[in-house]
Amino acid sequence: MQFENPSQSENGLQFKNSPEFARKMDKQDPIGAMRTQFHIPKHSDGSDEIYLCGNSLGLQPKKTEEYLAFELSQWQKYGVKGHFTGDYPWMPYHEFLSEGFAELVGANKSEVVAMNSLTANLHFMMVSFYRPTASRHKILIEDHAFPSDHYAVESQIKFHGYDPKESMILIKPRDGEETIRHQDILDIIEKEGDSIALIMLPGVQYYTGQVFRMKEITEAGHNKGCMVGFDLAHAAGNIVMQLHDWNVDFACWCSYKYLNSGPGSVAGCFVHERHHSDENIPRFAGWWGHDKSNRFKMENSFKPMHSAEAWQLSNPPILSLAAIRASLDTIKEAGGIRKLAEKSRKLTDYLRFLLKDELGEDIKILTPENEQEYGSQLSLTVDTHGIDGKVIFERIEQAGVTGDWRYPNVIRVAPVPLYNSFEDCYRFVQILKTSLEEK
Ligand SMILES: *Cc1c(COP(=O)(O)O)cnc(C)c1O
């Protein structure tokens, strides 16, 4: 998009490159107080770190400790009876997360479930939705997919006896470009769709922060008879989605990035309602997917639930689900994902404005500027001064910024609406500037 003058943002806000302006934005921020609900790590000088790494590991909500302590005390007091005791019995515990997850991804409650980990869920979803045949055996993913996704897809193809060299289509940006053009995705689906069994793309690309236009990709895929699933690791809790209305077949996400549920916490999964009653769907089953009304009769004839819960295998780790519940309650208190996305847009636009205003050509922002194609994260390359980008990254870390470094040369920063401030953005850009000026 074109900025008419450097301080005019897309939504008409007049941005200024000053600490007073940043503080004024924080004062006017309707959810600015949510920051006090989080533990913000401290820099060595005792000040709050500028934590711009919520896209990698979200910070801990203050509620988390309380919710975990509650489950520990239930276990102390009731032992096995905790499965059926109190307001949050363990037996149906995952159900307490359905409403929050459904709202985050735009689904019906029956379409979402908290289970397993992200990569495990990708596999379980492919068991059901990647059913290759001699004429339709390909999977379309991005060329630089997150390694785990790449490995999962490659191994599924091999598992079915096909050759990844022939069955994996890797879509990449055009030469000299950093992000994949939406039209190029549609074109490849149009051209190769008849041989594609599954399209599996990210909602938000982890390296560039590019948002993929899921609705149109799903439509294009379905027109060609392909299944369409998304990895929402960087999308859940970041952008507004409507998976149900978009007719997405399945989606998976982790809960420890924008969802602040702690390292390695349990993941989420979406299966569109139209697949729930399909009796012929192949599935790796476990007892937690069996009809809950007679699960404990222990009869050995699997009767799947008619919901995403049918894909569950085991009784889930309650301590981890309690952390997700704390996080979802915190998001709810902030007013939900739409409120977060609204602030996120302003924060990220402000960060981009500051970077351009202060650093101009010295850094490059890979993340698209088109309003449909970015969320919280901006990905920067800074090795334009003859200084290694990694050195710049180490300097900003020393100065109290937590971002993250991705090889070969990208610094990713994500101002997160729940706990980051406009002042964080301002201070970050000042620190980055100083780091670039050092010899
Ligand atoms: C974070 C992330 C993962 C991590 O997978 P786990 O199974 O949770 O370890 C996988 N894929 C993508 C795209 C990610 O961003």
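**Packing of two helix pairs**

In this predicted model, the axes of helix α4 (residues 118-129) and helix α5 (residues 147-159) come within 10 Å and cross at roughly 30 degrees, axes being lines fitted to C-alpha atoms, for helices over the stretch in contact, with angles running from 0 to 180 degrees between N-to-C directions. Helix α4 is therefore roughly parallel to α5 (under 35 degrees; over 145 counts as roughly antiparallel, 65 to 115 as roughly perpendicular and the rest as oblique). The crossing of α4 and α5 is right-handed, the near helix being turned clockwise from the far one by less than a right angle. Contact (heavy atoms within 4.5 Å) involves Thr119, Leu122, His123, Met126 and Val127 on α4, and Ser148, Asp149, Ala152, Val153, Ser155 and Gln156 on α5.

The axes of helix α3 (residues 98-105) and helix α10 (residues 318-333) also come within 10 Å, crossing at roughly 55 degrees, and these two helices are therefore oblique to each other. Their crossing is left-handed, and Glu99, Gly100, Phe101 and Leu104 of α3 meet Ile324, Leu328, Ile331 and Lys332 of α10. Helices (H or I, at least four residues) are DSSP runs numbered from the N terminus.

The chain averages a pLDDT (the predictor's confidence in each residue, from 0 to 100) of 94, and 96% of the residues score at least 70, whereas pLDDT stays under 50 over residues 1-6. Where pLDDT is low, the predicted coordinates should not be read in detail.

Residues are numbered from 1 along each chain as its sequence is written, and side-chain values use heavy atoms, with hydrogens and water left out. Local features need pLDDT of at least 70 and side-chain atom pairs count only at pLDDT 80 or more, while totals for chains, interfaces and linings use all residues.
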